[in-house]
Amino acid sequence: MRVTTKILATAATVGVLLGLNYLFEYGFGDFRINAYYARILNLIGINVILAVSLNLINGLAGQFSIGHAGFMAVGGYSATFVTVYYGRAIAGLLGSSLDDATGAAVVMTISLLTGAAAAALAGLAVGIPSLRLRGDYLAIVTLGFSEIIRVIILNIPAVGGATGFTAAIPITNFFWIFAVAILTIVIVRNIAASTFGRVLATIRGDEIAAEAMGISTTRYKVLAFVISAALAGVAGGLSGQLFANPLNPQNLNFVRSIEIIVMIVIGGIGSISGAVFGATALTILPEALRRLDQQFPGLRMVTYALLLILTMIFRPQGLFGRREVSWAWLRRRGQDRPAAAIK
Amino acid sequence: MAALLETRAVTKRFGGLTAVKALTLRVERGALYGLIGPNGAGKTTVFNLLTGVYDATEGEMLFEGARIDGRKPYEITRLGIARTFQNIRLFPDLSVLENVMTARHLRSRQTLADAILGTPRHHEEEREIRARSMALLEIFDLQHTAGETATSLPYGSQRRLEIARALATEPRLLLLDEPAAGMNPQEARDLMRVIRRLRDEFALTVLLVEHNMKVVMGVCDTVHVIDYGETIAIGPPADIQRNPKVIEAYLGGA
């Protein structure tokens with residue numbers, strides 16, 4: 001893509017997102033988006049960021065981390081902290097306020113960047129000593145890390161402790177969430193399609209051979225870990241400042257980490273399209289199954305679990321495997337299988 | 001001028017077992033140096049020492065006059081020593097072409113930001129990596145399989161692919177660990193031709209470990225025989241074949 005095409009594409013995306021965001025907040029004519037659906041849509045966006053970023057380390061680099069909720073917590077609390085304690089002052093410096101679009105946008109940017117930086121530092125601190133470990137050992141260390149973070153947060157009154165960060169100011173909106181989600185997909189996709197993506201594939205494939213190719217496996221594992229953590233931190237910052245959805249240590253335990261892992265496993269580990277699909281499906285599914293609960297109380301989570309189990313039995317490689325949805329892929333399928341296309 | 005590769009009294013002990021005992025070798029530039037010995041003689045250990053997988057217990061190793069002992073495997077590859085593995089280690093879920101492309105990373109100049117932003121430097125370099133990797137596949141007659149999964153290739157082709165991948169790192173010294181293992185006689189003959197061609201066209205020095213005597217005697221100009229970690233003979237192939245100590249090591253004492 002030429003530079004001008006890229007700028008145009010970015011401008012168009014931002015324009016569309018801003019338009020949709022306006023529709024979300026003010027509606028169009030008599031039309032208003034149902035708040036419940038809007039909330040699910042926003043959660044999809046946040047889960048897409050989490051799943052795609054986790055895919056970088058668990059899928060592309062083949063390292064098994066189960067501490068994603070920990071990085072989300074570090075980033076989320078740092079970002080929200082900035083807005084709660086310094087947001088008004090920052091907006092004031094610009095002669096604006098948090099209720100004003102410009103003021104909120106500046107504060108949001110600063111808050112999310114702080115969240116990303118804090119989570120990246122946490123990723124570095126955990127990654128350097130623990131990425132020499134493999135498989136189960138790395139999983140245990142990352143799990144332990146995220147639990148430590150959770151317990152620390154529980155004991156900081158300034159961020160709400162056990163009651164959650166209820167002082168959060170809801171300045172996240174549809175625009176921010178989906179702008180970051182798209183950015184995350186672009187970043188991870190571009191890494192995957194480059195020489196760095198191949199480096200991660202060598203680490204996943206055979207570390208001894210990777211080193212023999214002149215690749216410092218530790219260095220790139222830490223790098224992938226840090227990027228992944230930073231993006232999870234941004235997701236935390238978005239989710240902590242979403243309307244009526246304050247961060248709470250209870251929701252940031254290892255079950256949350258497992259949830260994100262399930263998203264990428266169901267989608268197809270290593271596939272970005274799969275992560276996006278998994279995040280979307282697993283955000284909608286529990287909600288869609290609520291109707292079932294109205295008729296047959298208690299069946300909701302049973303059905304949910306059953307669907308996950310069936311997926312793993314019939315598609316152990318995940319719905320997408322390692323494949324990506326791309327224009328080239330769609331065209332190829334169209335040509336190879338005319339019968340399927342007609343049907 | 002110093003030899004390309006030199007080891008001085010390198011010893012490797014695993015607990016009570018001395019796998020390599022006081023190994024001293026000199027590999028001159030442009031040499032085809034063969035390291036042979038019966039099973040368990042310590043040949044692969046020598047390779048692992050030279051490439052930094054193991055640390056030597058004693059002794060020094062020099063590449064182009066500079067010490068390489070204590071360096072990490074990826075640093076040694078960057079210095080210009082590439083290797084293949086006895087039990088093939090290709091990247092299983094990558095294609096044949098991608099396997100070779102991975103080895104171009106260490107000569108890559110693009111930054112992570114280039115890749116994320118998709119800068120012209122990134123696109124230019126990706127094209128160059130692809131073209132160079134394809135050219136290497138052609139040398140080994142693997143260009144038609146470029147898109148296939150590496151591990152789906154026949155055994156002999158996998159071995160050739162490993163050599164192509166090692167060459168993509170732009171080495172000055174190539175270490176081949178049993179390159180002819182599992183090859184039929186025709187494949188082994190082709191391999192010998194390729195090894196000679198590599199030395200001549202790429203100004204490469206080759207150190208190889210091999211069981212296949214036809215290959216060793218046919219391709220090497222110097223043969224170094226070790227047994228139980230100890231050097232028992234060094235010389236041109238013709239002398240080695242007549243050396244009574246070598247014959248004894250291979251066939252057992254009378």
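Modeller: We can go through it topic by topic, and please keep in mind from the start that this is a predicted model.

Colleague: Which strands pair with it, and in what sense, parallel or antiparallel?

Modeller: Strand β6 of chain B, residues 81-83, pairs with β7(B) in the parallel sense over 3 bridges, and there Arg83(B) has Leu175(B) as its bridge partner. Strand β8 of chain B, residues 205-209, also pairs with β7(B) in the parallel sense, over 5 bridges, and Leu174(B) has Val206(B) as its bridge partner in β8(B).

Colleague: What does the chain pass through from β7(B) to β8(B)?

Modeller: The chain crosses through helix α7 of chain B, residues 185-202, and this β-α-β crossover is right-handed.

Colleague: Now the other sheet in chain B, please: what is the order of its strands?

Modeller: This is an open sheet of 4 strands in the order β2-β1-β4-β5, with antiparallel pairing. Its edge strands are β2 (17-27) and β5 (66-67) of chain B, each of which pairs on one side only.

Colleague: What holds strands together in a sheet, in general?

Modeller: Strands of a sheet pair through backbone hydrogen bonds, and they do so either parallel or antiparallel.

Colleague: How many bridges are there between β1 and β4 of chain B?

Modeller: Strand β1 (residues 5-14) and strand β4 (residues 58-63) of chain B pair in the antiparallel sense over 5 bridges. In β4(B), Arg8(B) has Glu60(B) as its bridge partner, and Thr7(B) stands opposite Met61(B).

Colleague: And what about β4(B) and β5(B)?

Modeller: Those two strands pair in the antiparallel sense over 2 bridges, with Leu62(B) standing opposite Arg67(B) in β5(B). The hairpin that they form has 2 residues between the strands, and in it Glu64(B) takes a positive phi near 50 degrees.

Colleague: Take Leu23(B) next: why does it count as buried?

Modeller: Leu23(B), which lies in strand β2 of chain B, counts as buried because it has 25 C-beta neighbours inside 10 Å, and the cut-off for a buried residue is 20 or more.

Colleague: What is Leu23(B) in contact with?

Modeller: If we leave aside its neighbours within four places in sequence, Leu23(B) is in contact with Thr7(B), Val10(B), Val46(B) and Thr231(B). As for distances, Leu23(B) and Gly59(B) are 36 residues apart in sequence and 8.4 Å apart in space, C-alpha to C-alpha.

Colleague: Changing topic to chain A, how many residues does helix α9 have?

Modeller: Helix α9 of chain A, residues 217-240, has 24 residues and reaches 34 Å from its first C-alpha to its last, which is close to the 34 Å expected at 1.5 Å a residue. Of those 24 residues, 21 are buried, so α9(A) is largely enclosed by the rest of the structure.

Colleague: Which residues have the most contacts inside the largest nonpolar core?

Modeller: That core has 166 residues, and those with the most contacts inside it are Ile49(A), Ala51(A), Ala119(A), Ala224(A) and Ala164(B). The largest share of this core, 13 residues, comes from α9(A). Not counting residues up to four places away in sequence, Ile49(A) touches Val180(A), Ala181(A), Thr184(A), Leu231(A), Val234(A) and Ala235(A).

Colleague: And Pro316(A), is that buried or exposed?

Modeller: Pro316(A) is exposed, with 9 other C-beta atoms within 10 Å, and it is found in the loop between α13 (299-314) and α14 (327-336) of chain A.

Colleague: One last topic: how many residues does each chain give to the contact?

Modeller: The contact takes 22 residues from chain A and 28 residues from chain B. On the side of chain A that touches chain B, α7(A) gives the most, with 7 residues, and the residues of that side divide into 11 nonpolar, 7 polar and 4 charged.

Technical notes
Residues are numbered from 1 along each chain as its sequence is written. Chains are lettered from A and ligands numbered from 1 in the order in which they are written. This is a predicted model: local features need pLDDT of at least 70, side-chain atom pairs count only at pLDDT 80 or more; totals for chains, interfaces and linings use all residues. Two strands pair if DSSP finds at least two bridges between them. A crossover is right-handed if, with the strands pointing away from the viewer, the path from the first strand over the helix to the second runs clockwise. The expected span of a helix is 1.5 Å times one less than its number of residues. A residue is buried if 20 or more other C-beta atoms lie within 10 Å of its own, exposed if 12 or fewer, and partly exposed in between; C-beta atoms are placed from the backbone. Two residues are in contact if their C-beta atoms, placed from the backbone, lie within 7 Å. Ala, Val, Leu, Ile, Met, Phe, Trp, Tyr, Cys and Pro count as nonpolar, Asp, Glu, Lys and Arg as charged, and the others, Gly among them, as polar. A nonpolar core is a set of buried Ala, Val, Leu, Ile, Met, Phe, Trp, Tyr and Cys residues joined through C-beta atoms within 7 Å.
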